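Colleague: Could you show me how to read the aromatic rings and the nonpolar residues of a protein model?

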Amino acid sequence: MDNIVLTQSEFAVIQKLVFKETGISLGDKKINMVQNRLNKRVEHYKLNNYADYLKIVQISKTEKTEFLNCISTNETYFFRETKHFEFLEDIVKRSTSIRVWSAAASMGAEAYSIAMMLDSNLSKNSWEVVGSDINTQVLDIARKGLYQLSWSQKIPKRFKIKYCFKGSGNFENKMLIDRALSKNMNFIENNLMEKNNDIGKFDVIFLRNVLLYFTEETKIKVIKNVISSLNQGGYLILSLTEYFDEKKVGNLKFLKNSIYQKV
């Protein structure tokens, strides 16, 4: 079946729905990307247009989850932006315990990178990593900890030797992250547009490569929601390419390399 064409009016509805649910602002140039990502769901229901599919999305919680899974972007890899992990290791070496949140965990590469760092420097019962994402499909991948072997390229050798196991047979060209790490980890579904009062407080929060999809107003809302779960004196780490107006948040002090401290 050829791709069904997504009309401008249908795309406008999708833009509003995605913004309402996630705060993500889909630019007008994203129409082809959205069409390609949703085409399988339209075909699944044997529909002839996206308007009928959107009716299903708005009455079915299950399909709304599938819809958001298709739309959300999930680019990730291990030990992304080295300066942040150098900063984290310096903190960890001066700590006896630490709790870290990977607030846009995607398929889990960031969360496992953090876990490797913590486990190498602290005792087994003195650290915890929580990874969250709005996309339930990528969270399933994260929980398994099984990746393409090519993903191991940027993992430092000392961690690769200790925590990464090369597959064979049916798992050739695959890499499994040491399941012992998962005992101190938890992957949860979470919407950054909402406050997270039930996940406790953290010493460090990674909120990287997600703000670029938000409007300035939404960025501020998300940051305020996130840092409500950050301990006083704790650190918020953004991507090196992301910016926001600090004055609109008020209780964050810029340190360096897109790293902020809650004051």
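Modeller: In this predicted model, ring pairs join Phe 78, Tyr 112, Tyr 147, Trp 151 and Phe 187 into a cluster.

Colleague: How is a pair of aromatic rings described?

Modeller: In general, one gives the distance between the ring centres and the angle between the planes. Here the search of the whole structure finds 15 aromatic pairs. In one of them, the centres of the Phe 78 and Tyr 147 rings are 5.3 Å apart and the planes stand at 90 degrees, so this pair is edge-to-face. The pair links distant parts of the chain, since Phe 78 lies in the loop between α4 and α5 while Tyr 147 belongs to strand β3, 69 residues apart.

Colleague: Is Phe 78 buried or exposed?

Modeller: Phe 78 is buried, with a relative accessible area of 0%, and Tyr 147 also counts as buried, at 3% relative accessibility.

Colleague: Which residues have the most contacts inside the largest nonpolar core?

Modeller: As a general idea, nonpolar side chains in soluble globular proteins tend to be buried together. In this structure the largest nonpolar core has 47 residues, and those with the most contacts inside it are Ile 14, Leu 38, Phe 67, Trp 101, Leu 207, Ile 223 and Leu 236. Helix α9 gives the most to this core, with 5 residues. A second, separate core of 40 residues includes Tyr 147.

Key
Residues are numbered from 1 along each chain as its sequence is written. This is a predicted model: local features need pLDDT of at least 70, side-chain atom pairs count only at pLDDT 80 or more; totals for chains, interfaces and linings use all residues. Side-chain values use heavy atoms; hydrogens and water are left out. A nonpolar core is a set of buried Ala, Val, Leu, Ile, Met, Phe, Trp, Tyr and Cys residues joined through side-chain atoms within 4.5 Å. Buried means under 20% relative accessible area, exposed over 50%, partly exposed in between (1.4 Å probe, protein chains only). Helices (H or I, at least four residues) and strands (E, at least two) are DSSP runs, numbered from the N terminus. Rings of Phe, Tyr and Trp (its six-membered ring) pair if their centres lie within 6.5 Å; planes under 30 degrees apart count as stacked, over 60 as edge-to-face and the rest as tilted.
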